[in-house]
Amino acid sequence: MLATYPTPPIATPTHNAACEPLQVLHDIFGYSAFREMQGQVVEHVTRGQDALVLMPTGGGKSLCYQVPAIARHRAQQGATLVISPLIALMQDQVDTLIELGVNAAYLNSTQDYQQSKSIEREWLNGQLVLLYVAPERLLTPRFLSLLDSMYQRGLLSLFAIDEAHCVSQWGHDFREDYLGLAQLHERYPLVPRMALTATADRHTREDILQRLQLQDARQFISSFDRPNIHYTIVEKTEPRQQLLKFILQSHRRHCGIVYCASRKKVEDTAAWLVSQGIPSLPYHAGLDLALRQRHQESFVQHDSADGGLVMVATIAFGMGIDKPDVRFVAHLDLPRSMESYYQETGRAGRDGAPAQAWMAYGLNDIMTHRRMIDDGEAHDSFKHLQRQRLDSMLALAETAQCRRQQMLAYFDEMSKPCGHCDNCLNPPEVWDATEPARMALSAVYRMARPSRGSAPTHFGAAHLVDVLRGKRTTKVLQYQHQALPTFGVGQAYSEVQWRSILRQLVAAGHLVGDAGEFPVLHLQTSAREVLKGQTSVFMKRSALKKATAPQAQGTASSAHGNSVRNAQALLDSFDAAARKRYKLLKEWRRELAQKMNKPAYVIFHDLSLAEMAQFAPKNLNDLALINGMGSRKLEAYGQELLSLLRPS
Ligand code: ADP
Ligand code: ZN
């Protein structure tokens, strides 16, 4: 196959100042500087080298390929093909680029024949700077022949493979079609390639490099720290009420996402929130496609100036959602790995302003997950990996240390305590729980073997707590558990405390819950050491009495090495005149967005509007200095904005 593709003519690059990446950043994007790692990636890729880029959500990955694409196109090195798995993501990116005056397009199933045809034409004659396609489209004979033609004429400048973790079976979003992308290198060996992702542990990273044949690519791994996200994990008691309280307390007028494990729970929770006066929409893969898309659009396009909107969703929702002003992500169920948790919570605060990640978790979460893994169809080695991933998630939920420090450590990053997660703000007490642990474990042991020779029987957590607290329930009497030596030995601890103790015993692996609608508890081998008094058990004291979730506030210092200015901080410092200007600007943006049927942030981010309201530029030169004001936007909206900003 290799030999059939003739070497393309070597393009003679044209170089002038306009082709410099920094110039592109100023002219087109209206930003003053690259973020730390961005600058290095852009320089490397613009020179035509391969790269693997790992950057957290909101870190600025898109610019890593968009700037080289524009710079190389200006230098007459051809066009960039972006491979992206999701239609919503492509549309959003293309809308944004077009608003910036960059000739970009996508090809996907939403277009009719005529539209595709005309985009193909623009692509073939080299007019397009960037073209977005899904991998399944890319790999069709028709599209490959378009690429062949571009390649032979030296018009292919760069392949950017977005969401590259989709190529790995170890990853959480594996897509069969991504495997076919290895072909790109075989077919077009002279075209530089870059792979980008926000989540990849070492394992997945190696998989990406190998499967995409990028072993020689330079790796850029940026910090996974998201200092503007404040983490809180609470014990699940009355999850809905806890969620409601959390929203009412800190996010009454904010947009946020609530993740649930099942479709039914998504629908119930959304309906319930609505009944409590919180505007909410459900999203899961079981909803009719058109409805799902409508909900997604409403959420993405929702302007927070109109109050809050909550998206209640399964994990089907999120990839490719670029909404910058999601102020909280809440979990009503435990995610199955730290990778998922990191990615899902990472959708909060992409604009750099303070945001909260909040989760309620309890004993049943752990048992359900363990059961799902055990009952799954997967190969043993994969089950083993799944268990390890779950354990790291449990360790995060149970830790008495800084949450963020522990998360970063999972991604091989050393850091100091963050100072604003729940554990930093309210350090939990750790106590020696060896005695109650032995009570519980010995009760399980005795209940399982009522008498020598009889078949073992197992019971669930609720019954165990009744026995420990000495409650004579019907079930207790039926099994004569009032006669056990452990009956009533645990009266010193409340039911809530017992639940917390049992949960921590399960999380620590001394107890395990097994299959069935009402999971029952079994001893694990490690429990023997506790029973024999060979190991002590330390636990976190139940934090229930303690403080509620912290307010979303505080510093939004650097996520990226340089300080992140944020709209909220500016708004807080506004005088009456600035507030009035901000209101006018928001109305202007809302009307324009409606007319264009695009999300408001495609036109300008909140930060850009806030800066305009603050500094009230009086001429085009000053207006050009506003963050996000590229030359196309200045030309299109400059005069209009100046007249809006003029004192009346
Ligand atoms: P990712 O794709 O990594 O999640 P994005 O590319 O969407 O992140 O970038 C996140 C936000 O940061 C976007 O609003 C983007 O415009 C902004 N951004 C990216 N790079 C810069 C920069 N150098 N200066 C200012 N803002 C930037
Ligand atoms: Zn912390």
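Predicted model: local features only at pLDDT ≥ 70, side-chain atom pairs only at ≥ 80, totals over all residues.
Ideal angles for four tetrahedral donors are 109.5 degrees. The protein donors are the SG atoms of C402, C418, C421 and C424, and they lie 2.3 to 2.4 Å from the zinc ion (ligand 2). Along the chain these donors follow the spacing C-x15-C-x2-C-x2-C. Buried means under 20% relative accessible area. C418 is therefore buried at 14%, and C421 is buried at 0%.

The next topic is charged pairs. A search of the whole structure finds 27 salt bridges. One of them joins the side chains of D268 and K264, with an N to O distance of 2.8 Å. Both residues belong to helix 12 (residues 263–275), and because they are four residues apart there, about one helical turn separates them. D268 is partly exposed, with a relative accessibility of 31%, whereas K264 is exposed at 58%.

D333 counts as buried, at 12% relative accessibility, and K265 is partly exposed, at 26%.

In the salt bridge of E495 with K471, the closest N and O atoms are 3.4 Å apart. E495 lies in helix 22 (residues 495–507) and K471 in the loop between helix 20 (461–468) and helix 21 (474–478), so the contact ties together parts that are 24 residues apart in sequence. Both ends are partly exposed, E495 with a relative accessible area of 35% and K471 with 37%. Elsewhere, salt bridges that share partners join K236, K265, D333 and D365 into one network.

In one of them, the ring centres of Y231 and Y341 are 6.4 Å apart and the planes stand at 45 degrees, so the pair is tilted. Y231 lies in strand 8 (residues 229–235) and Y341 in helix 14, so this contact ties together parts that are 110 residues apart in sequence. Y231 and Y341 are both buried.

What is the geometry of the pair F459 and Y479? The centres of these rings are 4.8 Å apart and their planes are at 80 degrees, so the pair is edge-to-face; planes over 60 degrees apart fall in that class. F459 is in the loop between helix 19 (434–448) and helix 20, and Y479 is in the loop between helix 21 and helix 22, so that the pair links distant parts of the chain, 20 residues apart. F459 is buried at 7% relative accessibility, but Y479 is partly exposed at 37%. A separate aromatic cluster is formed by Y151, F159 and Y188.

Charges also sit over rings. The charged end of K323 lies over the ring of F299, 5.6 Å from the ring centre. For K633, the charged end sits over the ring of F604, with 5.1 Å to the centre.

How values were computed. Residues numbered from 1 in each chain as written. Chains lettered and ligands numbered in written order. Heavy atoms only, no water. Donors = N, O, S within 2.8 Å, 3.2 Å for Na, K, Ca; no water. Buried < 20%, exposed > 50% of the residue type's maximum accessible area, 1.4 Å probe, protein only. Salt bridge = Lys/Arg side-chain N within 4 Å of Asp/Glu carboxyl O. Helix = DSSP H or I, 4+ residues; strand = E, 2+ residues; numbered from the N terminus. Phe/Tyr/Trp six-rings, centres within 6.5 Å; stacked < 30°, edge-to-face > 60°. Lys NZ or Arg CZ within 6 Å of the ring centre and 35° of its normal.
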